[in-house]
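The sequence and structure come first, and the notes follow by topic.

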Amino acid sequence: MTTVDLIIKNAQVFNVYLKKFVKQDVSIKNGKFYWINEKLPNLVAKKTIDLTGHYLIPGFVDAHMHIDSSMTTPKNLGDTILKYGTTTIIADDHEVANVAGIRGLKNFISESSVIDIFFGIPSSVPSTNLEMETTGGTIGVDEIKTLLKNPKVVCLGEVMNFKDMTSESSTLIKKIIAVCHNMRPTMPLEGHIPSYIGEDLAKVLFSGITTDHTQQTKEWVDEKIRNGMFVEIQKKAMHQEVIDTIIQNNYFEHIALVTDDSMPDTLLKGHLNLLVKEAISKGMSPEQAIYISTYTPARHMGLWDRGAIAPGRVADFIDLSNLDNLIIENVYKNGKIVKIKSKRDNFKFDSCLLNTVKAPKLNKEDLKLKTNLVENGKVIANVIQLNEVGTFTNHAKKVISVKKGIVEWKEAGLNLILVQERYGKRPGYTLGLVDSALKRDGAIGSTWAHDHHNIMVIGTNIDSMIKIQHKLIDIQGGYIVAKGDNIEAIAPLPIGGVVSPEPISILGNQIKKIRKCMVELGYKNTNEIMSFSTLSLLVSPALKISNRGIFEVKSQKRIPLLERI
């Protein structure tokens, strides 16, 4: 007679290999599934539960996400998302790496969590190069070699720099890919491949990239999968036509649902389970949606010990009382129900992640947009134009009046944007202009500015922009919104200027208020927080800004803010 810790009887158990539910009994021993069968003779259980009418599915596996993009810590993230059924994540913490390099990264990922966390190596620190953006840390070949020795590293994090990735010359990212192929020849190499098709896509695949997680269309998904790429579908890619394409072509072996960047206020409501529900609402069967959020992501990342309810696998699973609505009754981690009371994170973060905002305070004169192209007349401005969906921008040209050498951007209906170096390495700042952002009097500012995380402030009110810039320095990073001259919402992010030690119950509501104030100022996007914060992301099309200038993304060409007519 074999003794086991737990037997669950009469549940409908999801078999990922059959892709269907089967009424079975499940036994668990030493934190792993032992024997699953219609009947379990000759087993003695320390505890038996009857779950007639319930459904058991594997714990969700999120194959592409960023803990620091949720502005939180490994502990606080785990405390939050376990109750939503996510038991394993693969995290690419490149925000922390951009702030504090490998030292800060190693400290950050060393914190324990109630969930299992595996890691992708940040491949793009900086996302482009130090002539285009200034970061607090860098990761090169030597750092990659060190990180590859960590058994919890399972992939190379998203490679973003298309130009260097596909270059004929021996660029840093090509050297990094070569080291990965040499030391971990079967490891997935994650990519950030927005809108690249045809020969450009072939160049990316030829370079060794295996995966993409960016915004998708049905044509892009189809072309990528037909060319052998594994596609990770995040919320902003879950268009009905994309889901239809996956279903019609039976692409379920080649995709996974991922969260990528989960905002703290979203985490108040759910995590990967929200995407599973949405996939079902858009036409997938529950079995299909569960399959691509458990088994395929685990298999793709080489995590063969999870993602399935089968003998020898880690006993991470979810007890559902309703399948269609995905109602979670309990989540089991290593065969046990875990109940957590979230609280402030008191982990000892390295000094390199503290007091990282070292920029000088500016004044109103610094924000005057001056030009010597004309004293009085008109100039052409290269303007970053926002879209209401996604984080891509457009490159717009606007004719603007100049009086006594001062550009009258406000009269042109534009916003002023400031990006200031904050690491004390290359002091200075860039001014730019943005269209279709704030419609009312106020400003927004943050040090959570992807991926270099310098100080970024946008506004229609110079006084409030200055107030925000000063406050960001005082609180050592965060997200701030002002209406008129008054600061209305603050979310402090003192850990590297990108992460809060507060539990999601507090941080989420702070970000919720930030978002509400942004909307009230007229900022319109499907994700206002990410839309603003990625105005500084130099690998996301089409026109972006850093402390080093304004850049056309694909060519990486620096362009002037103002030109003669």
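Where does alanine 542 lie? Alanine 542 is placed in the loop between helix 14 (528–533) and strand 28 (543–546). The model is predicted, and the values below are computed from it.

**Annotated domains**

- UniProt, in an unreviewed entry, places the feature "domain: Amidohydrolase-related" at residues 55–338.
- Residues 55–338 are 35% helix and 20% strand, and the end C-alpha atoms of this span are 18 Å apart.
- The record, again as an unreviewed entry, lists "domain: Adenine deaminase C-terminal" for residues 391–556.
- For residues 391–556 the composition is 22% helix and 34% strand, with 18 Å between the end C-alpha atoms.

**Helix 2 against helix 3**

- Helix 2 (residues 94–109) packs on helix 3 (residues 141–148) at an angle of about 15 degrees, and their axes are 11 Å apart.
- Because angles under 35 degrees count as roughly parallel, helix 2 is roughly parallel to helix 3.
- Their crossing is right-handed.
- On the helix 2 side, the contact involves Ile102, Leu105 and Lys106; on the helix 3 side, it involves Glu143, Thr146 and Leu147.
- Sorted by class, the residues in the contact of helix 2 with helix 3 are three nonpolar, one polar and two charged.

**Helix 3 against helix 5**

- Helix 3 also packs with helix 5 (residues 172–183), at an angle of about 25 degrees and with the axes 10 Å apart.
- Helix 3 and helix 5 are therefore roughly parallel to each other.
- The crossing of helix 3 and helix 5 is right-handed.
- Helix 3 contributes Val141, Ile144, Lys145 and Leu148 to this contact, while helix 5 contributes Leu172, Lys175, Ile176, Val179, Cys180 and Met183.
- The contact of helix 3 with helix 5 counts eight nonpolar and two charged residues, with no polar ones.

**Helix 7 against helix 8**

- The axes of helix 7 (residues 218–226) and helix 8 (residues 240–248) come within 8 Å, crossing at roughly 35 degrees.
- Lys218, Val221 and Asp222 of helix 7 make contact with Glu241, Val242, Thr245 and Ile246 of helix 8.
- The class counts for the contact of helix 7 with helix 8 are three nonpolar, one polar and three charged residues.

**Aromatic pairs**

- Eleven aromatic pairs are found in a search of the whole structure.
- One of these pairs is phenylalanine 162 with tyrosine 196, which is stacked, at 4.1 Å centre to centre and 15 degrees between the planes.
- Phenylalanine 162 belongs to helix 4 (residues 162–165) and tyrosine 196 to the loop between strand 12 (189–191) and helix 6 (198–207), so the pair ties together parts that are 34 residues apart in sequence.

**Backbone geometry**

- As background, most peptide bonds are trans, and most residues other than glycine have a negative phi.
- Valine 125 and proline 126 are joined by a cis peptide bond with omega of about 5 degrees.
- Proline 126 sits in the loop between strand 10 (116–121) and helix 3, and helix 3 is the element that packs with helix 5 at about 25 degrees.
- Proline 541 and alanine 542 are likewise joined by a cis peptide bond, with omega of about 0 degrees.
- Asparagine 334 is not a glycine, yet its phi is positive, at about 55 degrees.
- The location of asparagine 334 is the loop between strand 17 (327–333) and strand 18 (336–337).

Definitions and conventions. Residues numbered from 1 in each chain as written. Predicted model: local features only at pLDDT ≥ 70, side-chain atom pairs only at ≥ 80, totals over all residues. Heavy atoms only, no water. UniProt positions renumbered as here; feature names shortened; annotations may be inferred. Helix = DSSP H or I, 4+ residues; strand = E, 2+ residues; numbered from the N terminus. Axes fitted to C-alpha atoms, helices over the stretch in contact; angles between N-to-C directions. Parallel < 35°, antiparallel > 145°, perpendicular 65-115°, else oblique. Left-handed = near helix turned anticlockwise from the far one by under 90°. Contact = heavy atoms within 4.5 Å. Nonpolar A, V, L, I, M, F, W, Y, C, P; charged D, E, K, R; others polar. Phe/Tyr/Trp six-rings, centres within 6.5 Å; stacked < 30°, edge-to-face > 60°.
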